[in-house]
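Thank you all for coming; I would like to walk you slowly through one structure today.

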Amino acid sequence: MQLDLLVLISLLYVGMLFLVAFAAERRARAGKTAWLRSPLIYTLSLSVYCTGWTFYGAVGFAARSGLEYVTIYLGPTLVFIGWWWLLRKLVRIGRTQRATSIADLLSSRYGKSNGLGILVTILAVIGTTPYIALQLQSISLAVAVFNDGGTGGASGNTTAFWTAIGLAVFTVVFGTRNLDVNERHHGVVMAIAVEAVVKLFALLAVGVFVVWGMAGGIGPMLQQIDASPISAWKVEGGRWIVLTALSGMAIICLPRMFQVLVVENSDERHLATASWAFPLYLMLISLFVIPIAVVGLSSMPSGANPDQFVLTLPLSEGQNTLAVLAFLGGFSAATSMVIVASIALSTMLSNHVVMPIWLSLQAGGASVSGDVRRVVLYSRRLAIAAVLALGYGYYVLSGGSAALAKIGLISFAGVAQVFPALIGGLFWRGATRRGAAAGLVGGFLVWAYALFLPSFGPDAVFSASMLAEGPFGLSFMRPEALFGLTGLDPLVHAMLWSMVVNTGLFMAVSLATFPSPMERLQGAEFVNVFEHSSAPRIWSGGAAEAEDLLVMAQRILGPEEATELFTKTARHQGKIGYLPDPTPEFLSELEINLSGSVGAGTAHAMIAQVHGGVSVSVADLMAVADETAQIMEYSTQLEAKSDELQATAQELWRANEKLTQLSIQKDAFLSQISHELRTPMTSIRAFSEILLAGELEPEARSKYARIIQDESIRLTRLLDDLLDLSVLEHGQVVLDPQEERLGDVLDRAQAAASAAGSGMQLSINRDSKNENLVVRTDTGRLAQVFINLISNAAKYCDHANPELSIKTRSLREKIQIDFVDNGSGIPEDSHSVIFEKFARLDDDKAANSTGGAGLGLAISREIMERLGGSISYLPDRQGGAFRVTMPLESVFETA
Amino acid sequence: MPKSVLLIEDEPNIIEAIGFILSRAGYQVISHGDGTTALDAVTRETPDMLILDLMLPGRGGLDILRDLRSASATKDLPVMMLTARGQKHDRDQAEHLGVTAFMTKPFANQEVLQQVQTLIGDA
């Protein structure tokens with residue numbers, strides 16, 4: 001068989017896959033997804049579980065260990081049949097949470113912690129890389145079989161290299177063609193479905209040939225099986241259970257399985273079909289494993305690699321076409337695994353590692369959504385290339401060794417470390433982020449120490465002595481016999497310990513830590529997903545799409561503009577009416593139109609929502625968030641402006657209120673002044689007219705003349721007081737500070753008061769020894785206050801023998817001078833107004849005397865404020881009592 | 001018998017002046033200086049007319065007028081109000097309450113006399 005021909009056939013096959021994927025993408029873009037998204041395609045896509053290792057290795061496995069290979073199929077079968085409710089929960093959660101990968105799902109469950117996302121991503125990369133290397137190995141070994149029947153070697157590396165390149169190209173083209181809002185890849189899924197059919201068909205064809213072509217029918221075949229050493233293999237119970245459990249966990253936890261099972265799922269109900277159809281597929285693909293192994297062992301020369309029986313049996317019988325078909329089957333199995341795994345890993349890497357880093361580098365400026373999409377696309381492409389480079393690198397470094405053959409189960413065991421956190425997250429609300437992280441790290445470390453690193457063989461990573469005696473001679477730390485647990489198969493041993501450590505840490509730390517509010521929320525969402533979410537939705541594009549798009553566009557563009565756009569496009573398409581077909585051209589035009597109003601990311605997400613009918617990807621959400629942030633920023637500014645305006649209005653209102661109040665006060669004041677001025681003027685005019693009329697007794701004449709004189713003086717004093725108060729109130733007063741003995745000031749005031757109120761009956765008691773203080777203040781003004789208080793006492797004290805006591809007390813920096821008379825004091829209800837203008841109390845005695853117009857205390861209060869002191873009424877004394885408080889050295893402004 | 005005028009006013013000089021003017025014209029003038037007891041004084045003195053100051057200690061002139069107008073004995077009693085406040089608002093209110101005459105201080109003596117004569121006739 002010519003190698004060139006094989007390469008040509010492979011290339012043709014790959015070309016065919018490209019075409020299939022391309023056609024599927026086209027149909028999807030045209031909105032015809034009904035067939036692409038059928039339960040059958042879904043079930044076939046699940047067959048990425050059966051990789052190149054399963055395709056070739058199962059026979060080898062059977063040849064070496066008998067029926068044990070069945071566990072690899074038994075685990076998934078049990079999960080799909082017995083645990084399909086768990087898968088349904090997983091799918092429902094995945095869809096409602098818009099999970100893009102298993103890392104995303106876990107990070108989402110545990111409070112949207114990206115740290116956990118990164119952790120799972122790293123574990124997935126470590127667990128998957130050897131597996132990708134394994135696929136490359138299977139292809140290069142297969143090529144080598146055709147080439148020389150020998151082993152890989154240098155030409156194996158070449159094959160692996162070009163295979164890796166080809167797979168990278170295919171995955172980049174169909175895996176990151178566009179940022180699909182649903183993280184769905186119609187082309188890829190379709191190609192994988194085709195590959196699923198090819199690999200099953202190829203294995204069945206080889207099987208049929210072996211049974212009927214070589215063994216001579218079912219009867220002889222069964223006899224041959226009974227006679228073969230395979231049937232004599234004893235199945236070890238512990239290993240059997242562990243392997244079954246392991247493959248069951250793997251089908252849930254493997255990144256590629258999550259991709260096809262959850263992310264690419266378009267309808268939850270497909271799972272019902274898959275729950276019986278996928279086990280059937282597994283049964284069919286494993287049907288002829290034993291016959292091929294038995295016939296291979298008996299008819300091939302001893303030493304032939306049983307892993308290659310699928311190829312070498314047809315070749316040895318000269319069935320080249322069958323051999324090529326088998327090759328294509330193995331090729332399909334290997335490539336489908338690599339493609340889906342690299343898509344899954346690249347999604348994780350880009351969403352949990354690259355994007356957070358890129359976004360944090362962009363700190364500050366709100367990024368343009370287009371940038372985000374582009375960065376996501378490029379980071380996905382780079383991640384795919386990196387994943388394949390890692391796989392290839394691993395393949396080259398491991399030298400295609402026998403260790404690689406074991407890597408399948410080891411890889412399963414690594415990925416299975418996600419299982420406790422995943423299941424705990426789905427069913428236990430008490431599971432916390434810290435618990436999940438502790439379990440993952442602990443389990444993974446045990447796995448690496450007890451299984452992964454020793455698998456490279458003695459003296460590769462761990463020295464032989466360390467494997468035998470433990471590090472530093474600590475025997476309980478022997479990697480393959482931890483804590484003295486010897487006599488177990490290394491895989492069983494590692495699984496046992498890693499799961500014990502993983503689950504133990506997960507539960508213990510979860511119980512010991514408190515979940516954050518976000519974790520609680522997500523925990524409830526996950527655990528009770530069927531209560532929270534509505535019945536399964538059907539995610540398929542419908543005929544009513546254009547109508548929905550129009551309704552949406554009208555809201556954003558306005559009814560007229562939207563209808564015009566739709567009508568115009570419909571006319572272009574040659575359709576009658578206003579509803580065009582939702583072609584890709586039209587959708588992108590609509591997207592551009594919408595993005596003018598709501599931003600590109602939002603527009604994309606909205607159209608996807610109507611067109612695809614489903615969720616929105618992380619990147620789109622980030623873009624939407626960007627735009628929303630900008631709108632929020634803008635509305636915050638508007639809000640601030642509006643608040644400002646409201647505050648201004650409030651201030652204006654207050655100012656107006658104050659003005660109104662002032663106006664009322666002014667009216668009251670004017671009315672008071674009018675009264676105070678008109679009253680003496682009335683007397684003056686009336687008596688002037690009486691005097692002018694003549695015919696008066698001389699005594700009467702002089703009495704009336706005196707009244708006129710008194711009332712004129714009262715008027716003058718009133719005007720003086722008004723002016724004085726005005727000056728004091730408006731701060732235009734110029735103070736004249738002087739140093740003077742307090743006693744002297746009081747003496748002057750007493751003399752002045754006596755002079756004004758001639759015939760004053762008031763007797764004044766003072767304690768002159770306390771008055772021997774020097775004050776530095778405007779003593780003229782101070783005297784004015786004292787005069788006012790003494791005159792008030794003289795006027796208003798209603799005692800038969802009126803007395804006023806003036807007592808001075810000095811307190812540190814201040815002095816207090818109390819003026820207390822022996823009268824009945826001021827009624828309580830007037831206390832609050834006595835210092836107001838014109839608060840002269842209605843009092844017969846006051847009315848009988850001339851002088852005070854009710855401004856005296858108002859003026860005194862103003863003066864004391866200017867002098868840095870105060871004046872107050874003491875309500876709890878026997879008579880009228882005022883207290884003047886002032887600093888020894890007054891502080892006042894110098895004008 | 002001379003006609004009597006009850007003067008309710010708290011300013012002694014004005015009592016003196018009006019008392020002088022009216023008694024010289026032959027009227028009997030009685031004065032009362034407190035708002036709270038003004039109604040009692042009206043009941044006691046049964047004057048022919050009332051001269052009522054607007055601002056009084058204890059009770060304002062407008063309140064007194066309102067009470068006078070609501071009592072049957074005094075609802076037709078001629079009342080002349082005097083005010084030194086000089087605000088239109090006071091006059092409006094007094095007229096609304098049924099004042100007979102309204103005069104602002106300071107006044108011409110002759111005017112007061114004429115008003116009294118108009119309201120109750122010559123003494």
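Let me begin with chain B: how many helices and how many strands does chain B have? Chain B has five helices and five strands, where helices (H or I, at least four residues) and strands (E, at least two) are DSSP runs, numbered from the N terminus. Before I go on, please keep in mind that this is a predicted model, in which local features need pLDDT of at least 70 and side-chain atom pairs count only at pLDDT 80 or more, while totals for chains, interfaces and linings use all residues. Residues are numbered from 1 along each chain as its sequence is written, and chains are lettered from A and ligands numbered from 1 in the order in which they are written.

Reading along the sequence, you will find that chain B follows the pattern β-α-β-α-β-α-β-α-β-α. The strands build an open sheet of five, in the order 2-1-3-4-5 and with parallel pairing, and here two strands pair if DSSP finds at least two bridges between them. Strand 2 (28–32) and strand 5 (101–104) of chain B each have a single partner strand and stand at the edges, so one side of each is left without a neighbour in the sheet. On average, and with direction ignored, neighbouring strands of this sheet are turned by 20° against each other; the axes behind such angles are lines fitted to C-alpha atoms, for helices over the stretch in contact, and angles run from 0 to 180 degrees between N-to-C directions.

Across strand 1 (4–8), strand 2 and strand 3 (49–53) of chain B lies helix 2 (residues 38–45) of chain B, running at about 170° to strand 1 of chain B.

Now, some individual residues of chain B. P78(B) sits in the loop between helix 3 (61–70) and strand 4 of chain B. Is P78(B) buried, exposed or partly exposed? Because P78(B) has 18 C-beta neighbours inside 10 Å, it counts as partly exposed; a residue is buried if 20 or more other C-beta atoms lie within 10 Å of its own, exposed if 12 or fewer, and partly exposed in between, with C-beta atoms placed from the backbone. Leaving aside its neighbours within four places in sequence, P78(B) is in contact with M49(B), T100(B), L119(B) and I120(B), two residues being in contact if their C-beta atoms, placed from the backbone, lie within 7 Å. P78(B) and T100(B) are 22 residues apart in sequence, yet 5.6 Å apart in space, C-alpha to C-alpha.

T46(B), in the loop between helix 2 and strand 3 of chain B, has a positive phi of about 35° although it is not a glycine. With 11 C-beta neighbours inside 10 Å, T46(B) counts as exposed. In the loop between strand 5 and helix 5 (109–120) of chain B lies P106(B), and a cis peptide bond with omega of about -10° joins K105(B) to P106(B).

Let me turn to chain A. Strand 4 (residues 803–811) and strand 5 (residues 814–821) of chain A pair in the antiparallel sense over eight bridges, and they form a hairpin with two residues between them, where R812(A) in the turn has a positive phi of about 35°. Strand 5 of chain A also pairs in the antiparallel sense with strand 7 (residues 881–887) of chain A, over seven bridges, and there V820(A) has A881(A) as its bridge partner.

Finally, how do the chains meet? 20 residues of chain B are in contact with 19 residues of chain A. On the side of chain B that touches chain A, the largest share, five residues, comes from helix 1 (residues 12–24) of chain B. By class, that side has ten nonpolar, six polar and four charged residues, where Ala, Val, Leu, Ile, Met, Phe, Trp, Tyr, Cys and Pro count as nonpolar, Asp, Glu, Lys and Arg as charged, and the others, Gly among them, as polar.
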